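Dear colleague,

Please find the structure below, handed over for your own work.

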Amino acid sequence: MRYEQDMLRHLQLAELEILKDIDRVCREYDIAYWLDSGTVLGARRHGGFIPWDDDIDLGMPRDDYERFLEVAPAALGNRFRATCSRSNPRQAALFAKVMLKGTRFVTDETEEAGFDQGVFVDIFPYDAVCAEPAAAKRQRRRCVMWQSLSYLYHSKHIVVPHKGALGVVEKIACRLAHRIARVVLSPERINRGFDKAAMIAKDDPKSDMLMASSYAAIEPYPKSMLLPPGTIEFEGKEFFAPADVEGYLRTQYGRTWNQLPPEDQRRNHAPKELDLGMDS
């Protein structure tokens, strides 16, 4: 589907309500978080959502992430629910989501996996990166592998990097890999493998870098670039942000982060079915 502009804005405002409740819980329980990825880019460049964007991303240090998952079921408002792959074997994403009850955000992947996905905010755990370069490379490679295997296990409808004939071959390969993954893996095995790789440097005293383990292909960040979080305005309200917002944005998006991309590169995650529960 493609969004009508009014519908996109209604979706953004629904996600903003989720973010406000997450922020409330984190302040109440002294849990560190920051606006992440395109959300902090939107905050810095637009004062809120990137106009065509349709999601909110947050980052949390691993200990804070685990603490949030522990308190969220009771602490979140009764309109919201938290889910992660450990508690929901139908969830392919190896990070947490806080969803708005009574809504639906359906993709081919979630439908095939049987994952009842509502309108959501994503929360990514950030883990310490091994100080030794070769070990860090292995750690990141294994995190990427386990997240990729999770997507393959849950669905054969995987977004492939190419179009045309090569894209067709990639889609066929994904369908075959999906069938193999369903035989040799389980959600429990995937979560164990991912957590072991992601947290291997947890007690490494020499580690001074953090990575979003679920997107470990992205370059890690110096801890001092993220922590302690600062603040930034997003849609008229103050939320937490990386300690060095511009350094973070240069690291993730390059020196041209403040320039608008060409219109044909302004992408979002429009689902096949969207129900904002507005009639209920």
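Pro 228 is placed in the loop between helix H8 (223-226) and strand E9 (230-234). The peptide bond that leads from Leu 227 into Pro 228 is cis, and its omega is near -10°. Please bear in mind throughout that this is a predicted model.

Backbone angles

Two further residues deserve a note for their phi values. Asp 30, although not a glycine, has a positive phi of about 55°. Asp 30 sits in the loop between H1 and strand E1 (34-35), and it counts as exposed because its relative accessibility is 70%. Ser 37 is likewise a residue other than glycine with a positive phi, here near 50°. Ser 37 belongs to helix H2, which covers residues 37-46. With a relative accessible area of 13%, Ser 37 is buried, since buried means under 20%.

Aromatic pairs

How many aromatic pairs does a search of the whole structure find? The search gives ten. One of them joins Phe 105 and Phe 120 in an edge-to-face arrangement, with 5.3 Å from centre to centre and 85° between the planes. Phe 105 is part of strand E5 (residues 104-106) and Phe 120 is part of strand E6 (residues 120-128), so this pair ties together parts that lie 15 residues apart in sequence. Phe 105 counts as buried at 3% relative accessibility, and Phe 120 counts as buried at 7%.

Phe 124 and Tyr 215 also form an edge-to-face pair, for which the centres are 5.4 Å apart and the planes stand at 90°. Because Phe 124 lies in strand E6 and Tyr 215 in the loop between strand E7 (209-212) and strand E8 (221-222), the pair ties together parts that are 91 residues apart in sequence. Phe 124 is buried, at 5% relative accessibility, whereas Tyr 215 is partly exposed, with a relative accessible area of 39%.

Ring pairs also link Trp 34, Tyr 126, Tyr 221 and Tyr 248 into a cluster.

A buried aspartate

Is Asp 23 buried or exposed? Its relative accessibility is 2%, so Asp 23 counts as buried. Asp 23 is found in helix H1, which runs over residues 5-28. The side chain of Asp 23 makes a polar contact with the side chain of Arg 27, at 2.9 Å. When residues up to four places away in sequence are not counted, Asp 23 touches Tyr 33, Lys 237, Phe 239 and Phe 240.

A nonpolar surface patch

Which residues make the nonpolar surface patch of about 420 Å²? The patch is made by Leu 176, Ile 180, Val 183 and Val 184. Of these residues, Leu 176 lies in helix H6, which spans residues 164-184. Leu 176 has a relative accessible area of 54% and is therefore exposed, as exposed means over 50%.

With kind regards

Notes. Residues are numbered from 1 along each chain as its sequence is written. This is a predicted model: local features need pLDDT of at least 70, side-chain atom pairs count only at pLDDT 80 or more; totals for chains, interfaces and linings use all residues. Side-chain values use heavy atoms; hydrogens and water are left out. Patches are made of residues with over 30% relative accessible area and no salt bridge: like charges are joined within 9 Å, nonpolar side chains (Val, Leu, Ile, Met, Phe, Trp, Tyr) within 5 Å. Accessible areas come from the Shrake-Rupley method with a 1.4 Å probe; for residues, only the protein chains shown count as cover. A salt bridge is a side-chain nitrogen of Lys or Arg within 4 Å of a carboxyl oxygen of Asp or Glu. Helices (H or I, at least four residues) and strands (E, at least two) are DSSP runs, numbered from the N terminus. Buried means under 20% relative accessible area, exposed over 50%, partly exposed in between (1.4 Å probe, protein chains only). A polar contact is a pair of N or O atoms within 3.5 Å; within protein, one must be able to donate a hydrogen and the other to accept it, and residues adjacent in sequence count only if both atoms are side-chain atoms. Contact means heavy atoms within 4.5 Å. Rings of Phe, Tyr and Trp (its six-membered ring) pair if their centres lie within 6.5 Å; planes under 30 degrees apart count as stacked, over 60 as edge-to-face and the rest as tilted.
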